[in-house]
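Please have the structure open as you read.

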Amino acid sequence: MNKIKCALIGSGNIGTDLMYKLKRSPVLEPVWMVGIDPESEGLSRARDMGLKTTADGVDGVLPHLAADGVQIAFDATSAYVHKENSDKMNAHGVFMVDLTPAAIGPLCVPPVNLDELAETMNVNMISCAGQATIPIVYGVSRVQSVDYAEIIASLASKSIGPGTRANLDEFTYTTSSAVCEVGGARRGKALCIINPAEPPMIMRNTIYCMTDDEPDQKRITESLMEMIGKVQQYVPGYKLVNGPVFEGNKVGVFMEVAGLGDYLPTYAGNLDIMTAAACRTAEMYAEKILSGELKLLAEAV
Amino acid sequence: MNKSDLAGRKVLCHDMCLRDGMHAKREQISTEQMASFAAAMEKANVPMIQVSHGAGLGGNSLQHGFAPHANEEYWDAVAPVLDKTIMSVLLIPGLGTMNELRSAHAHGVRSVHVATHSTEADTSPQHIACGRELGMDTSGFLMMAHLNTPQGLAAEAKKMESYGAQTVYVTDSAGYMLPEDVTEYVTVLRDTLEDDTEIGFHGHNNLGMGIANSIAAVRAGASRIDCSVAGLGAGAGNTPLEAFVAVCDRMGIETGCDMFGLMDMAEELVFPMMDHIVRIDRSSLTLGYAGVYSTFLLHANRLGAKYGIEPRDILLELGRKKMIGGQEDMIEDTALTMLKERESQSAA
């Protein structure tokens, strides 16, 4: 079967982990890794795995996109530079999957809204915390209306690279708005804590939903279990630790995400849930490209 | 009076009762109380007071509790009663944002503690730079300092200084440090940072060391000390301001604060509004003993009662799991897991 060729922009934790996921995809094939530091471990690993690399940023790959048949790119750099990266890739007819919290394209959480995404040249994966918590918010809001949802993500310090550290405000805004737009809550809030404990702690996420009416405990529990099963299809380490706890109109759910250990060890479930969601999203677009349903047109360049 | 080797040293006292004190009141302080406290502190020449939700900017949440008012309403209530006294705020990146800091500035706040865990200073460069761009007195605030080594903390402090922090704090969030620890941490920071960067110390009294630790910090080169009138703050409270001022006065350290005015305020305004007497009890002592974030106290007490588990056991487990500030959700999670383990043990 033909595979759609992909470029990875950003050779940090997320980009490197994503490379391993793409290598296993039946419809995607990573061919380029773009970095800015020639010494970076990510670029070195990419070369070892047979990818072409450049340390000259996005401009270093643009001249090769057509010849190498690149049709999908993943941006795992920073919200501050994403728009420029995306514009350049789109101009070459390359579809962009955004793993920064820039959120210039529609927001995607695969088990919630992958099938409903509009035709677009840029889709945003929100944040690791968004991918880990929004299925739960949606699992409650599809049963009964949620006035307010709050999510708390605890991440191991070793799994958080410089890009994420420089984007905490963007993380907060993008995840909060996605809790509403995709999760279905009327109001949302996202909190992020970076914990340096040794050995590193596995990614934890707590989700609180305030329902308008008294929560229907049985239906909510069933709905949540079904959503958790859907996420487990692409992130096997997605696990309910405690809850749901019902207290008045508050529903509390305590989750853990263990990763596959592709790049960083299994504690970094935050990498996996983001990269696995991005991979799944790109696979859907790849299938549409392969079937001829989606045509990517380059501007005259 | 016994003067000391520190006679003539100047220390800036920064009061926390309208921020850290919010924790001790489950975030329930009214705008009227805020204004009356602030007026009393202005009258007593307290140079800086922190005013906000206990968790600072963005704090209103299920995780940290909802205050009856937005931070903006508190600042608007306090600003009109202040003249010389400067109003400050706490900003923890990941919870609060730069937009909220800009709002604080627009409502009269002129100083900010930008706080990170003691090993994570590199989550703060944008926020520290934002404080400086707004012209605010900007401090880096390294929380749970005891979870880093003195050399490691100094490296994080150096980063904050490079981002633009004018003061860097050794923050003993768990009230775990002993005076000799404080001496070592502050000494290494003093040796590492530029001469014109100030060092601050923020203590909690969980082991009864609030004042002794603050004096040790001053002796090692700190020039800013966070205190709280009547100690109103998380855990067993902060260093009590009126007592710290009294000790400084005995030692010849200059704070500029009116000790008798602060004593009266503690007695007449603060103690009467406490929901529980902020003191060293078995739970708060456990925080200091085990090195657990002081704000966990009331959550652990409440959840311990809900699930029938001794709060001290929950706190010890949180310490063992190395939970840090901001992970209040993990208190209920830990209690639930302990409950499951106990049930399976008794079933076996």
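Two residues are in contact here if their C-beta atoms, placed from the backbone, lie within 7 Å. By that rule, chain B brings 24 residues to its contact with chain A, and chain A also brings 24 residues. On the side of chain B that touches chain A, helix H14 (residues 329-347) of chain B gives the most, with six residues. Helices (H or I, at least four residues) and strands (E, at least two) are DSSP runs, numbered from the N terminus. That side of chain B is made up of seven nonpolar, 11 polar and six charged residues. In this scheme Ala, Val, Leu, Ile, Met, Phe, Trp, Tyr, Cys and Pro count as nonpolar, Asp, Glu, Lys and Arg as charged, and the others, Gly among them, as polar.

A word on the conventions: this is a predicted model, in which local features need pLDDT of at least 70, side-chain atom pairs count only at pLDDT 80 or more, and totals for chains, interfaces and linings use all residues. Residues are numbered from 1 along each chain as its sequence is written, while chains are lettered from A and ligands numbered from 1 in the order in which they are written.

Now to chain A and its domains, whose bounds come from an automatic or database domain assignment. Domain 1 of chain A covers 4-124 + 275-291, and domain 2 covers 128-267. Taken over C-alpha atoms, the centres of the two domains are 24 Å apart. Their contact takes 20 residues from domain 1 of chain A and 24 residues from domain 2 of chain A. H1(A) gives the most to the domain 1 side, with five residues.

| Class | Count on the side of domain 1 of chain A that touches domain 2 of chain A |
|---|---|
| Nonpolar | 10 residues |
| Polar | seven residues |

Three bridges join strand E5 (residues 95-98) of chain A to E6(A), and Met96(A) stands opposite Asn122(A) in E6(A).

Key
Two strands pair if DSSP finds at least two bridges between them.
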